[in-house]
Amino acid sequence: MSATPVTDFLDLAKKALQDARNNKQQLTLVVGKDDPDLDTIASAVILAYFRTAFPPKDPWSAWYIPIVNESRTVLESYPMLTRALRHASIDLHHLTTLEDLVVEGRSSGLHEDVTRFFFVDHNITLGRNKQNYSTKVIGCIDHNPDTNYVPRNMKPEPRIIVQSGSCTSLVVYFSRRSWEALQFETPDEEAALAKLGLAAILVDTENLTSKVTTEEDDNAVTFLLSRIKLAQGGKDFDRTDYYYDIIGQERPRMKRTITSEPTPVAPVVVIPEPEPVVETIPEPEPIVEPPPQEEEVIPEPEPEPRPEPILIFPGFLETSPVALAQPRGVKKPMPEPEPVERPITPPAQMEPITPIVSPRSAFPRVYLDEVLDHDFELGYEGGGAIGITNTRMSLAGMIAHAERDLVERAIEDSASGGQSPSKIMQGTPFTSAVRDFALKKGLSVFAIRTTTSRGNELFIWVFAKSMSYYIPRFVQSQASYCKLEKWGDDEDVLTREASGINQGMMAAYWLRKDPGRDAVKKALLTGTTYIFFG
């Protein structure tokens, strides 16, 4: 079977989505998690591509549409994603994002009774209609812990929930037979798709060096590299160089240092043994004694000047590997995809544009308080209630999520005639949402621990003045062990909040050395911060 270029597939998938909405046709959406990362997007694209080419027997629909659960405006701020897409010759406008799901400003235009979902990189939905929504899920591939949310029997679609460093590794494993059976028009087209998957795996596993790396990740990388090697120039492809190109860092080079200059060594001169001389002794002549003369003083011969030492390896310093090392050449960038010409409708015939008000209305809305409540635990220390939430959403993602929540709730309140949240909000949307959640739980201290591809984060907010010692004590005991590093800069919203009326009562850090979920939980919930040293 001949393959369609991945960019053509993505464009055709958009058209299939539009046709299914207009004609109320059955449709399967390959959906990633909220706040998607490179792993989420690569998993959705690769799975939808091969599942559409090789569908199971009696599929729900002929097309599998990869959905990126975010807007293009936000995706443009993801540098690793844009670099990986460039290597795959994919532009952001090829992806089906939330803007493509919106009809008339709010509605997704999808028909609930004919729409089904295939989950990648997550296996639970945090919306309010969990039970109803779970019946619409017909397939799942994920590397996160199993929540038992999706049904056990999902035939003919797979239910693969296995621990690995990257979800893309599991998608490649599942799609490998289809991949090998598909005939790409050129090796370069196949290599472009392989590079997208490889970038996601290398980022999530830190070039296969992270402790989360599994055998599935190693096998997937080996397979993808074998497809890349077939392309033009593929034999010179370097996995580590590619990893550092995607993360936007310079590859560390091994440095060879010379502690001191080499001492010149004189050549070894071999003096040959003199040949034996045979002397003929003549007959002695009679000795005639000369008249006595004054002794002649013969001066001592001056020592000959010592020759300059000759280097055995002349020009060693100039020809050493250190001197000859040249900076690695810059890889020739791949050509940018040609812009797609779109017909422009004359102004007189253009329909009025309805602004996009709620792009996430295509799926059950997940508010930040639901994210905070999903993996929440409660404990008591010093007479106060302490809560901690563990989440895979970054602090930056939660800040953006809270801002979208504000718009959504403002729309709901205006429709119902209620009071707009902007009139009662205290602080930023994020801190206002966190404060409301903590007060509703009756907390004296609330902490959020995140685990993201960029690193783990810890946010602490103390509400009870009687526990003002909490943050200084934690920092004093754990700063060096956890390698706490200040989060953000002087201009970010959390720093501004923490330096105002909340000074000393709010803090955010990078956990550059995270001792683990259980250790952090026990320390925060019981106050026994010394357990990290045990």
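Buried here means under 20% relative accessible area. By that cut-off, strand 9 of this predicted model is mostly covered, with eight of its eight residues buried.

On one side, strand 9 pairs with strand 8 in the antiparallel sense, over eight bridges. The two form a hairpin, with two residues sitting between them. Val 445 has Val 462 in strand 9 as its bridge partner. Strand 9 also pairs with strand 11, again antiparallel, this time over six bridges; here Phe 459 has Ala 508 in strand 11 as its bridge partner.

Zooming out, these strands belong to an open sheet of six, ordered 6-7-8-9-11-10, with mixed pairing. Strand 6 (376-381) and strand 10 (484-486) take the edges; each has a single partner strand, so one side of each goes without a neighbour in the sheet. From one strand to the next, the twist averages 25°. At the strand 6 end, the partner is strand 7 (residues 384-391), joined in the antiparallel sense over six bridges, and Glu 377 stands opposite Ile 388 in strand 7.

A second open sheet has five strands in the order 2-1-3-4-5, and here the pairing is parallel. Its edges are strand 2 (64-67) and strand 5 (159-161), each with a single partner strand, so one side of each is again left without a neighbour in the sheet. The twist in this sheet averages 25° from one strand to the next. Further in, strand 3 (residues 115-120) runs parallel to strand 4 (residues 137-142), with four bridges joining them; Val 120 has Ile 141 in strand 4 as its bridge partner.

Helix 1 (residues 6-23) touches strand 1 (27-31) and strand 2, and its direction makes about 105° with that of strand 2. Helix 7 (residues 167-181) touches strands 3, 4 and 5, with its direction at about 115° to that of strand 4.

Ser 175 is itself buried, as are Cys 167, Thr 168, Ser 169, Leu 170, Val 171, Val 172, Ser 178 and Trp 179. The cover over these buried residues includes helix 2 (38-53), strand 3, strand 4, helix 8 (187-205) and helix 9 (215-228). Where helix 7 starts, a side-chain oxygen of Ser 166 comes to within 3.1 Å of the backbone nitrogen of Thr 168.

Helix 10 (residues 239-247) is mostly covered too, with seven of its nine residues buried. Three tyrosines, Tyr 242, Tyr 243 and Tyr 244, are among them, along with Thr 240, Asp 241, Ile 246 and Ile 247. The buried residues of helix 10 pack against helix 2, helix 4 (79-87) and helix 8. At the start of helix 10, a side-chain oxygen of Asp 238 lies within 3.1 Å of the backbone nitrogen of Thr 240. Just past the other end of helix 10, Gly 248 takes a positive phi of about 75°.

Note on methods
Residues numbered from 1 in each chain as written. Predicted model: local features only at pLDDT ≥ 70, side-chain atom pairs only at ≥ 80, totals over all residues. Heavy atoms only, no water. Pairing = 2+ DSSP bridges. Axes fitted to C-alpha atoms, helices over the stretch in contact; angles between N-to-C directions. Contact = heavy atoms within 4.5 Å. Buried < 20%, exposed > 50% of the residue type's maximum accessible area, 1.4 Å probe, protein only. Polar contact = N/O pair within 3.5 Å; in protein donor to acceptor, adjacent residues only side chain to side chain.
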